[in-house]
Amino acid sequence: MTGERTAHEKARQALEALALDVLDVKDQAGVLTHLASCASCRNELAALQATAAQLSYAVRPVQMSDSQRDRVRALLLDRAAADDAPTPDGRTVPEPHPTPSFHILFPHTPAEETLPHKNAKTATTWVAVAACIVALVSAVTLVRVRRERDTFFTAYQIALARNALVDSLRVSLEERNRLVVNLTGSHVAVINLVSNSVASLSARMFWDQSANVWTFVAHNVPAHKTGRTYQLWLVTAKSKISAGTFAPGLNGDAIARATYALPKSALIAVAVTDEPAQGSAQPTSIPILVGVNSTR
Amino acid sequence: MADDAALLRQLAEGDEQAFGAFYDRWNPLVNAVALRILRQRDDVEKVVEETFWQVWRQTERYEVSRNAVQTWLLTIARSRALERRHTRKQLRENPLDDDIGDVVVQGGTESNLAMNVESTERRRVAIAALAELPAEQRAVLELAYFEGLSQSEIADRTGQPLGTIKARVRSAMQKLKGRLFILREEAR
């Protein structure tokens, strides 16, 4: 009993939206099921549908052009004449659309007067009732199937998102593991960099000589000026090799990684210079950080 | 001159002349509703044709005790127009026609004059009832009725919570129902 009352109240709250035909699909099944057994809600729905239809009257009537009006009129009368004529195989022409009203879902009460149909002389009330029941069951089934389809689709999307997240975490974890090895492995040389211009600025270069991987970590790096960037250099006796550019985070920390093969004895020093945003082929300013390779 | 119910009875018997008379009487209003929903003239003619064709084919479904003939007719017109609009989905990319809704029906034929008297009164009542609604409730009804948006879509469009939209729909419809009843009673 309580369940019925709850269903009634829920349906009642949705009738206005249903009358306007704006009730979300997921909410329709319960309301339609309730309407099939509740005359009170059906009457309220009919009243609300009549109310909704009045909104059309708020629109100012607009006359079609004479030619347009006459063309549509002629088309309609031609179709009507053809519709009255018997078809070669004796069948009636199918109807164009269902009536846009929930009235068709429910049996008519005896008090409701309907007009006889020109092509349905033998139609009886029980046939209409049966058709209505079939229509109702079909509508409810359709809504249910759509809802289940939506549920499965949502679950599928969630599963895909979870798989993507797991893959992403796995990649991230592998990257972290590699970083730890590049920083702490037995073949890693560490070069400390110091700054003459910024007292608090400090950095270290971790050179994994077995993997030719360079990991540069810096702290308290000042934000670079607009249009400028920091560039990392591997300094040998013959050249200064760019190991890439980097920018500090908001907290002044910076990390840069590069892969470059270099003989153990070739590296003299590591340096950082201030360069144009796109980087330079060779250093163009005095280094703000320098670290001498003491392991040669 | 036959009233609408009489015309529909003739339609049900296959009277094409009555069908023509019914079309002559109501095509301006059906045209206006289709134009208001579609906002482009291209598809309106087809919607008008399909609306009247559905009336011809489904006359027996009209329930005399339930609604006025024109209410039934306009319900069909709205449904056909929204169907075409959903299929086309071009509205948001296209600007409104400037002259939509500004063309007034010119009286002339007997049936148009009769339609004018009744629909003008209905229009007056509908506009008066709508005018008494708060602006946000009117806006929700506009989006629902003339643009065919679901409650969730209205919430997305307006940026309002779904619960707020549902409450506005309920409140607007109940107020409208009450006001229309009172205004019709006063007009009698």
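**Figure 1. Polar contacts of Ser195(A).** The side chain of Ser195(A) has a polar atom 2.9 Å from the backbone nitrogen of Val198(A). The model is predicted: local features need pLDDT of at least 70, side-chain atom pairs count only at pLDDT 80 or more, and totals for chains, interfaces and linings use all residues. Side-chain values use heavy atoms, with hydrogens and water left out, residues are numbered from 1 along each chain as its sequence is written, and chains are lettered from A and ligands numbered from 1 in the order in which they are written.

Figure 2. Ser195(A) sits in the loop that joins strand S1 (188–194) to strand S2 (202–208) of chain A. Helices (H or I, at least four residues) and strands (E, at least two) are DSSP runs, numbered from the N terminus. With a relative accessible area of 13%, Ser195(A) is buried; buried means under 20% relative accessible area, exposed over 50%, and partly exposed in between (1.4 Å probe, protein chains only). Leaving aside residues up to four places away in sequence, Ser195(A) touches Leu201(A), Ile288(A) and Leu289(A), where contact means heavy atoms within 4.5 Å.

**Figure 3. Chain A.** Five helices and eight strands make up the secondary structure of chain A, in the order α-α-α-α-α-β-β-β-β-β-β-β-β from the N terminus. Of the 296 residues in chain A, 35% are buried. Among contacts with a separation of 6 or more, 61% are between residues 24 or more positions apart.

**Figure 4. Arg168(B) in helix H8.** Arg168(B) belongs to helix H8 (residues 162–187) of chain B. Beyond residues up to four places away in sequence, Arg168(B) touches Glu136(B), Gln137(B), Val140(B) and Gln160(B). Arg168(B) and Gln137(B) are 31 residues apart in sequence, and their C-alpha atoms are 5.5 Å apart.

**Figure 5. Chain B.** Chain B has eight helices and zero strands, giving the order α-α-α-α-α-α-α-α from the N terminus. Buried residues account for 52% of its 188 residues. Of the chain B contacts between residues at least 6 apart in sequence, 67% join residues at least 24 apart.

Key. A polar contact is a pair of N or O atoms within 3.5 Å; within protein, one must be able to donate a hydrogen and the other to accept it, and residues adjacent in sequence count only if both atoms are side-chain atoms.
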